[in-house]
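Work through the exercises below with the sequence and the structure open side by side. Try each task before you read its solution.

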Amino acid sequence: MRSLSTRRLVIVLAVAALAASGCAGVQKATETTFQAPSVALNRAEVASYFGFWFYNNKVQPSLPEGGKPGNNGAPLIYHFVFDIANPNAFPVRLDNLKFTVALDGFDLNTVGSQDEIWIPGGKTSQLRVPCVLGPFEAFMSLGVVGGMRLQKMGKNPWELIQTWWTKAPDFSFPVEVREGSAVFKADGITKVVAFQAKYP
Amino acid sequence: MKAAPLALAMALILFLAPASTAQEVVVGSLNDMTGATSDVGKDYALGIAEAVNYCNDNGGVNGKPIKLVQFDYGYRVPEALTKYKLFQRMKAVAVLGWGTGDTEALAPTVTQDKMPYVSASYSGHLTDPKKTPYNLFAATDYSTNARATLTAWHDTRWKKHPDYGKRKPRFACSYMFASPYASAPIKAIKDQATLLGFEIGPDQDVSLFAVDAKSQVLALKDFKPDVVWHGNTTMSVSATLRDAYALGLGADHIINLWGLDENLPRLAEKAAEGAMAATVCAFYNEAGVPLMPKVVEYAKKFNPGVPQEKRLIRTVQAWSNVLALWEAMKRADKAGALNGEGILKKGFETMREFDLGLGGAKLTYTETDHRVSGAVPVYEIKDGKFRLVQVTDIKSRWPDKWNGWLGW
């Protein structure tokens, strides 16, 4: 009886080991067999909404008493949800992913994910990436990067920021994902995928 | 006897299970991709990640892969401090920092924590190891660059000027007074101007966000400068150059390195012709630079969605800092001291004339001086392209003054 249960234990553990290995023996990635996964924007969401407000550095905060004034405003928080499809028979690891977020054609932030995620062979996984925009950061970015374009448009940066912050829940202006890249790895092979999208 | 099959099964599991991640060397990176310096910060941030990929593809830190943890901090100092604390909890051995804001705010902390902080704030104030031993960068500092650029202008332009030998050359500075970056080398460049016999005119306060600098240019016209130092970043400098050109200022322009990159001739066009600046490395995709093909290869491979024409010298600056830190970590690891103090003492401070292959100065860090070199390549814009004017070695030219210039 003892001998039988030991044998069973060995079999169970061996099966578990094969499962843990992801049946690695079935197919391995090579430069020729590793097909690039696809990255598609499923949707953008305003994940939390605080409206629009801004206090410049001349306004004393209510708390803490005697606190330092700053250029503080409502964050605009987007979440971008991507569908990541693995066309291979073997699992691939998403090493990192990054992209630039543009509102109305103005680049405002470059964000991404550095968390390692495995995508099973033949499956699609979803990845949610947050992007926090601040009004003052947007103002500075518009001033430095988009200053000349704004001048040509005859627009004031605060005018644009106020529109974006107040209209964000309606998605009434284009929200773009630009210059995206996702790095995938499998069996020591690296594939990088470029992506871009506009929402809605 | 019972133990044998169990041990065999366990060994089988260990053998067949996916290999666990090899011992990683965690390096944090703080970048600005959304704030006041995002025009250059994004390119720098992309370069950091690309360079780390290159290091890992070439063995990491003596076989140990580098795990880069990279965050945008939007040029907000509280955010930088928060992320720094996260890096510590993640057992980072070093941090790749960004600008003056985060670097100055964290300088006392990184000194206390013995955390190497390799940033793109090249302020001369950070080069004295007695004050900021853990602040490092793989570049000549702003003050050395400013001295070298003014000297190059004096050597190559003033000596050919019809008034040479008849009067003093006139010099003025244009920069944002309240910006720590822009004001960092002003004392040094005025000292150099005095040393070279310039007459110094009134400073002009130009915002980093300026798209119009007419009033400042008109104020400069009264002084009739022969050469103007521009201490801001590219967009503000291009606005000032355009107004100087339109209003017929008639002066030459010398620029701090964050104000001159591949975008300046695109933005300022003819107004940028003849402008001079010190650089700390080669321009993006510059020919004849040993490691440049790799820089371009990794940019194309890891950021295929970013057009090549958008890539800047900032990528190469990022590579310089990463490769210097990589070398320091490898040396520290070989010495059995892959920690903050080891990276400084057994790594950086053992480098003598170390060439990164990126067109910048050869790196030397000593226990008493973290200025990497006194030899600075100075470029000018000619027909919309960058052309090397000369390498100005201010250490060799003023050896008796060099030590006295440390830290400012």
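**Exercise 1. A strand and its partners**

How many bridges join strand 6 of chain B to strand 7 of chain B, and do the two run parallel or antiparallel?

Solution. The model is predicted, so treat each step as a reading of a prediction.

Step 1. Find strand 7 of chain B at residues 199–200. Two bridges join strand 6 of chain B to it, and the two strands run parallel.

Step 2. B:F171 has B:I200 in strand 7 of chain B as its bridge partner.

Step 3. Go to strand 9 of chain B, residues 227–230. It pairs with strand 6 of chain B over four bridges, in the parallel sense. Here B:S174 stands opposite B:H230.

Step 4. Check the cover. Strand 6 of chain B spans residues 170–175, and five of its six residues are buried.

**Exercise 2. Strand order and edges in chain B**

In what order do the strands of the five-stranded open sheet of chain B lie, and which strands stand at the edges?

Solution. Step 1. Read the order: 2-1-3-4-5, with parallel pairing.

Step 1. Take the two ends. Strand 2 (66–72) and strand 5 (135–136) of chain B each have a single partner strand, so one side of each has no neighbour in the sheet.

Step 2. Look at the pairing of strand 5 of chain B. Strand 4 of chain B, residues 117–118, pairs with it over two bridges in the parallel sense. B:V118 has B:L136 as its bridge partner.

Step 3. Helix 2 of chain B lies across strand 1 (25–31), strand 2 and strand 3 (94–96) of chain B. It runs at about 170° to strand 2 of chain B.

**Exercise 3. Two domains of chain B**

Solution. Step 1. Assign the stretches. Domain 1 of chain B takes 25–140 + 287–373, and domain 2 takes 143–279 + 377–405.

Step 1. Take the separation. The C-alpha centres of the two domains of chain B are 27 Å apart.

Step 2. Count the contact. 16 residues of domain 1 of chain B are in contact with 17 residues of domain 2 of chain B.

Step 3. Trace the side of domain 1 of chain B that touches domain 2. Helix 2 (38–57), helix 4 (100–113) and helix 12 of chain B each supply at least two residues. By class, this side has four nonpolar, eight polar and four charged residues.

**Exercise 4. Chain A**

How many helices and strands does chain A have?

Solution. Step 1. Count four helices and ten strands in chain A. Along the sequence the pattern is α-β-β-β-β-β-β-β-β-α-α-α-β-β.

Step 1. Find the three-stranded open sheet of chain A. Its order is 1-4-8, and the pairing is antiparallel. Strand 1 (38–49) and strand 8 (124–133) of chain A are at the edges, each with a single partner strand, so one side of each lacks a neighbour in the sheet.

Step 2. Follow one pairing. Ten bridges join strand 1 to strand 4 (residues 76–85) of chain A. A:E45 has A:H79 as its bridge partner.

Step 3. Check burial. Of the 200 residues in chain A, 32% are buried. In helix 2 of chain A, residues 135–145, eleven of eleven residues are buried. Among them are A:F136, A:E137 and A:F139.

Notes:
Residues numbered from 1 in each chain as written. Chains lettered and ligands numbered in written order. Predicted model: local features only at pLDDT ≥ 70, side-chain atom pairs only at ≥ 80, totals over all residues. Buried ≥ 20, exposed ≤ 12 C-beta atoms within 10 Å, placed from the backbone. Domains from an automatic or database assignment. Contact = placed C-beta atoms within 7 Å. Nonpolar A, V, L, I, M, F, W, Y, C, P; charged D, E, K, R; others polar. Pairing = 2+ DSSP bridges. Axes fitted to C-alpha atoms, helices over the stretch in contact; angles between N-to-C directions.
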